[in-house]
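Please open the structure in your viewer and keep the selection tool at hand. The stops below go from whole chains to single residue pairs.

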Amino acid sequence: MLSTQDWIHAPLGVVEEKFAAAQKGSSPGWEAEVVEFFKEQLKEKSAQSLVPSLNDVPLHYLKPNSLVKFRCFIQDMFDPEFYMGVYETVDGPTDAKMLHCGKYRDVAECGVDFNSKNTVTAERQTFYCVPIPGENLWVKDGYAGSSQARVVASTSYVPSRQKRSYEEDEDMDTQPQKQAHAGLQGPTDLQSNADCKRQETEAPPTQAASASHLDLNFPLPGERGPACLVKVYEDWESFKLNDALEVFGILSVSPALSALAEERDASSSFLDPTEGMETAEEQRVHSPPASLVPRLHVLHAKPLQHNNPLLPHATSDDNGAFLSSTVAEMASVRAELLAYFTHVLLGDGLAAEFLLLHLLSSVYSRRDALPLGKFTLNLSGLPAASYSERLYQILQQLVPCSWYLAMSLQNMNQTRLRPRKDYTANRLVSGSLQLAQNTSLFLDETRLEPGQLDATGVCNVTALGNVITWQKVDYDFNYHQMEFPCNINVLIASEGRSLLPSDCRVHLEAQVTPAHLEEYLSSIQAFPQTSSQLNRFRIYLSVARLLDYSISDQMTKYVEEDFVEMRKDDPQGVSADDLHRMLVVARLLCLSLGQNHLSRDGWLRAKHMEMLRRSRMEQHQTVNGNEP
Amino acid sequence: GQDSSAGDLMPMPTSPATDLLSPAAPQDTSLFSSPRPSGPNEVDISSPLVYGTPSSRVEGTPRSGVRGTPARQRPDLGSVRKAPQVDLHSDQPSADNAVASEPSAGQNLVIWGTDVNVGTCKEKFQRFLQRFIDPTSTEDENAGLDLNEPLYMQKLEEISVVGDPVLNVNCRHVQSFDAELYRQLICYPQEVIPTFDMAVNELFFERFPDSVLEYQIQVRPYNALKTKNMRNLNPEDIDQLITLGGMVIRTSQLIPEMQEAFFQCQVCAFSARVEVDRGRIAEPAVCRNCNNTHSMTLVHNRSVFSDKQMIKIQESPEDMPAGQTPHTTILYAHNDLVDKVQPGDRVNITGIYRAVPMRVHPRQSNVRSVYKTHIDAIHFRKTDEKRLHGLDQDGEQKLFTEDRVQTLKELAAKPDVYERLASALAPSIYEHEDIKKGILLQLFGGTRKDFSQTGRGNFRAEVNILLCGDPGTSKSQLLQYVYNLVPRGQYTSGKGSSAVGLTAYVMKDPETRQLVLQTGALVLSDNGICCIDEFDKMSDNTRSVLHEVMEQQTLSIAKAGIICQLNARTAVLAAANPVESQWNPKKTTIENIQLPHTLLSRFDLIFLMLDPQDEAYDRRLAHHLVSLYYQSEEQMEEEFLDMAVLKDYIAYARTYISPRLSEEASQALIEAYVDMRKIGSGRGMVSAYPRQLESLIRLAEAHAKVRFSEKVETIDVEEAKRLHREALKQSATDPRTGFVDISILTTGMSATARKRKEEVAQALKKLIQAKGKTPAMKYQQLLEDLRGQSETAITKELFDEALRALADEDYLTVTGKTVRLLA
């Protein structure tokens, strides 16, 4: 049995071993065995946490050819590539032949015999992966904090965000130190730590310099982190663009890969058929220097159902126990959260209710073109412009991934929202709407200003409208459009009615007088949030989304009857759309209470909420005559 | 003879592993034990595939015969001359005695690494050329050829006349003629195609000894049966002949590729020619004449170059699985295939799939363990060419498996297939059965008829449908569904689109700086359906372009010096909201949606989607919606037909079924039309126009297509009549009388309204006449007088219309606020 050290530090050794055994004829299915071996090793969460993560450890602290994990997002899919699965080398002087395994590697050994009959060509798929866009700081910190990985690097390293460090001679079972301890270390450490920290949290010089000529193609502006070329060997058809994944693979940073790019500029031999096939841009994108964009040869990959570090992984066994324990206290957490939101939303309880439901919504199914379960909320009647920003900051603390888009004229005319295919570089140039599922998109319409939208602006507004109504983004492939389904929670903050469509609009009724607004706003920020309370909220929001939900036949009947009654009373006012909305509200309401089926009580409550909301709208309409 | 230094080249075969992987050549394994013959000299002599080198090109004098016509290198096939032959039965691959002219020895000879025997292969192919007949050919390439004569001999004759030395060979023909030959062609194209070349040239110059060609005929196979999706390419396909469909996304500039380098000794001016082998030139180190070392220099303008172009193609959007990005593949086009395709073209290419190892560093020996792949193009076939020519055939010929066809046919045989399909359409949208049926028929379309020979032009086969109704009755959802269902669907909103966005616009290409025509939604949805939401919000200008499209099915463009007519054989599915946000049942359709009647009459079916406001309906709706929210995916699928099946069903019917009217059906149609005319005649109005008859025919044909029937029968006509009547009942009922009145749609006014207008005009005329000789009158005064006289209320509009009618009679003119009598 291999020790833990070995399969993490030298996973290729495991591969070689299995390969060699297969050559002796003992096990023909060595490839499946390798995959199975690592799957088995990584079954335990404790084992997973031993593997260093590309997300929190700077690349130069990681050992090449060791096992690393990467929490990432498939931004682009490159063409499949053929590689030498098995090849033979001939040693020059002795003429001795040897078989090698080319799987999970980028570079072959010297002296490859291209005419060998033993060569096996195989196929693999490359994905261009970036860190999950819009991932909030607390998520990153949370993951980094739970990592047990001990990196054997030549120097001690300080992970950029977890704000704690390991010493070289520490034991395997290092206890993660509390954040507060970071500053209380020995004087020598402190010195080096401070240096490292500055280097890594502020943009590292290498990265900054390279960024000028190498665009890492992050969907959102201002993102940072490692991009990675992930090579997948097994059933790559199951992966889709925009999937969030956790991959375990062998890190490859062979400088030979970078040499390729440099060499290319120098020797422009167009006679060589292997060269001149790609344009310079394409070359730069598809084979970037490995020091900037490392290669990761996947041994094990799993899609992320949620991106909340506080929740156990879906695969682990204690998942059920965890869920049932959280569900039990959901009602109480809900009350706390609701009180908090009411406070944040200037004392408006109804708006707080709807905001809570909105944060739980998710597209759970599609019927034909119609996405079910989406719940776009338009919070209108917001006071000052700075308020919406504050609101976003608060939401940022609660949801794993989010993005704030101020809908200023400049932003709308200049941001690229839809991803676009660049045929010169042969890649998908990312746009801000290329987001992982369940990302919260905060549209700040209070930033609207008079002016004219140009062609890009109109396109962007249409794209936002499509996301809201159909939960899809049309990617621009120049010669044609391609539709990609998405699952984005859109929250629109506006003064009046939004120019974008929405599923539900709530007009905020502030209980705070404008005079005291400033004071009140500043007090929100200072609202004492103990970490454990915030964590409870975070767990609550993620768990409620994962619950199953059903409607019994009896309830179906009841809802039908009720709908018929409502139509009788007010045939003009109640339409199929209203029923759609009420069903969604009822669903979210039940989930928010930890119930996994529609109850009569839930339905009535949803109806009541709708009624309150509508009456407020009508009231608002009469006050404000120019509202349609 | 070649310089021996060529042997120093490191051999880099294009694909190291194919032989092992190719299951088609099991006997090859025995060959691997034999060492590869080294030294190019003997190989060159022995190879029967030696071409005349370009140096043998003689200019000027007319020549004929195989020997006299220069061969042209085929860079698309790579270097063939290196392939030696081996005797299957001898252990020693004694290439020297393996000369093709010895027939006894030749029996067992095969090209090294393959099972191809040159002699047999040649013979077989010649036999194929001489004998192959395809009486059922429908390809447009074969137009004008006698189908009962050997096809390819006629093509050779054509070559002798036209002088274009290219013979395109359909692989499917080869397969049906000789499956073994086909297998060899697919597996070893690099060896087999040159053999074909030899065969065809021998045959050609035997037949036409006097003909003069620029160079020897080259065979270009196409339509390899193994038509591949780009996604399915795998290492087993390396070095095989493949056919791929895709879209050209990029073409490079022309690359001159050196085929033969010319060296001259600087000391003694002795010249030497060296052929380029896989991109490498073996520079002669020593002059063979004066024995000086390093005295040879390359003379560029005496070297021979060939044209080469890099082309990138991308998977067609139809072939893609959802949620993935399209794959791209690199192609190399050589010689006359250069510049044959442009970015944006949909093409089927046939070529040889190649893989070359990548070097990390030219001077370094460790390589990246990946291969670069590309395809050497042999044949291009544009698939969307027909759009400009307007051939009567659907662009995309989707291939169906036997099983699939069987399932579809079983489905078609069911008596309730029509209802089944209609309910499978947009299951999330509740009821509106007739609308769904209408859209279903639109998806199938009528039979395309071409009367252009008799000068009557094309008859529209597409069914146009307009949905109008209250907002929030899921019109958009229906449109979105249809857009997702059809392969060539376009979705636009009347609000956001301009006339140019719908038709075509001219723009400057950023790369070439040339004016290019960019096609809009209507042209893009040729052979598909164009869904236009918010039809009523469209500007008049934009709407006007629809007139031509919706009847003539063409688009005429005259801008920026580009004048052309494009085909836009698209069915239009439009949705319009009433002007007053809520449908006013007291008004006619025209008044409700405020669209010009000229446009409305071009819709075959106009449906109203109204909120029925009835309890039973509400109950069913509620049930439907609730179940939508809780039923699992599987449950839904059990209930309804899979969308994929529906898609295939439609595609199959559209491609293979073209029903014709039966005798009874024609009679039934005639009766139906006469009946429709009769309805109105009693009340003095016209209730049907020929356009309605055409609509009926289209609908009946579409219904026959739904049944997979080649004949339109009475039941089809019955359903067409019913649907048409239903639609009319909804949209063309005169709210004043309650009768269905087609003139509401054709003239924009119901017959009663028109009658009223005439009455007012007459009354006004009388009033003016009664006033006696007054050349000019005040407008306001006249209106008041008329109002005072009339028993019914006279609106200002009505008065204006009456004035206009009288003005048309040249009785009076209206200038500003005065009315003058004429004459």
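The tour takes the chains, then a sheet, a hairpin and some charged pairs.

**Before selecting anything**

This is a predicted model, in which local features need pLDDT of at least 70 and side-chain atom pairs count only at pLDDT 80 or more, while totals for chains, interfaces and linings use all residues. Residues are numbered from 1 along each chain as its sequence is written, chains are lettered from A and ligands numbered from 1 in the order in which they are written, and side-chain values use heavy atoms, with hydrogens and water left out. The model scores ipTM 0.74 and pTM 0.73.

**Stop 1: chain A**

Of its 628 residues, 57% are buried. Buried means under 20% relative accessible area, exposed means over 50%, and partly exposed lies in between, with a 1.4 Å probe and protein chains only.

Contacts (heavy atoms within 4.5 Å) come next. Among those in chain A between residues at least 6 apart in sequence, 76% join residues at least 24 apart. With a surface display on, the accessible surface of chain A is about 25800 Å², and carbon and sulfur atoms hold 52% of that area. Accessible areas come from the Shrake-Rupley method with a 1.4 Å probe, and for residues only the protein chains shown count as cover.

**Stop 2: chain B**

Switch to chain B, which has 29 helices and 29 strands. Buried residues account for 52% of its 823 residues. Among contacts in chain B between residues at least 6 apart in sequence, 69% join residues at least 24 apart. The accessible surface of chain B is about 37100 Å², with 50% of it on carbon and sulfur atoms.

The mean for chain B is 71, and 68% of its residues reach 70 or more. Where does pLDDT stay under 50 in chain B? Residues 88-106 are one such stretch, with 18 contacts beyond four places in sequence in the model. Residues 385-398 are another, with 25 such contacts.

**Stop 3: a sheet in chain A**

Return to chain A and select strands β11, β14, β17, β10 and β18. In that order they form an open sheet of 5 strands with parallel pairing. Two strands pair if DSSP finds at least two bridges between them. The edges are β11 (402-406) and β18 of chain A, each pairing on one side only. On average, neighbouring strands of this sheet are turned by 20° against each other, direction ignored; the angles are taken between axes fitted to C-alpha atoms.

Zoom in on β11(A) and β14 (residues 439-444) of chain A, which pair in the parallel sense over 5 bridges. Here A:W403 has A:L441 in β14(A) as its bridge partner.

**Stop 4**

Select residues 812-815 and 818-821 of chain B, which are β28 and β29. These two strands run antiparallel and are joined by 4 bridges. Their hairpin has 2 residues between the strands, and B:G816 takes a positive phi near 60°. B:T815 stands opposite B:T818 in β29(B).

**Stop 5: salt bridges**

Side chains of opposite charge can pair when their charged atoms come close. A salt bridge is a side-chain nitrogen of Lys or Arg within 4 Å of a carboxyl oxygen of Asp or Glu. The structure holds 36 of them over all chains.

- Select A:R447 and A:D444, whose closest N and O atoms are 3.8 Å apart. A:R447 is partly exposed at 25% relative accessibility, whereas A:D444 is buried at 0%.
- Select A:E509 and A:R616, with the closest N and O atoms 3.6 Å apart. A:E509 lies in the loop between β18 and α16 of chain A and A:R616 in helix α20, 107 residues apart. A:E509 is partly exposed at 32%, and A:R616 is buried at 10%.
- Select B:D604 and B:R698, where the closest N and O atoms are 2.8 Å apart. B:D604 lies in the loop between α19 and β24 of chain B and B:R698 in helix α24, so the pair ties together parts 94 residues apart in sequence. B:D604 is buried at 5%, and B:R698 is buried at 3%.

Last, select A:D578, A:R581, A:E610, A:R613 and A:R614: salt bridges that share partners join these residues into one network.

Note on methods: pLDDT is the predictor's confidence in each residue, from 0 to 100. Axes are lines fitted to C-alpha atoms, for helices over the stretch in contact, and angles run from 0 to 180 degrees between N-to-C directions.
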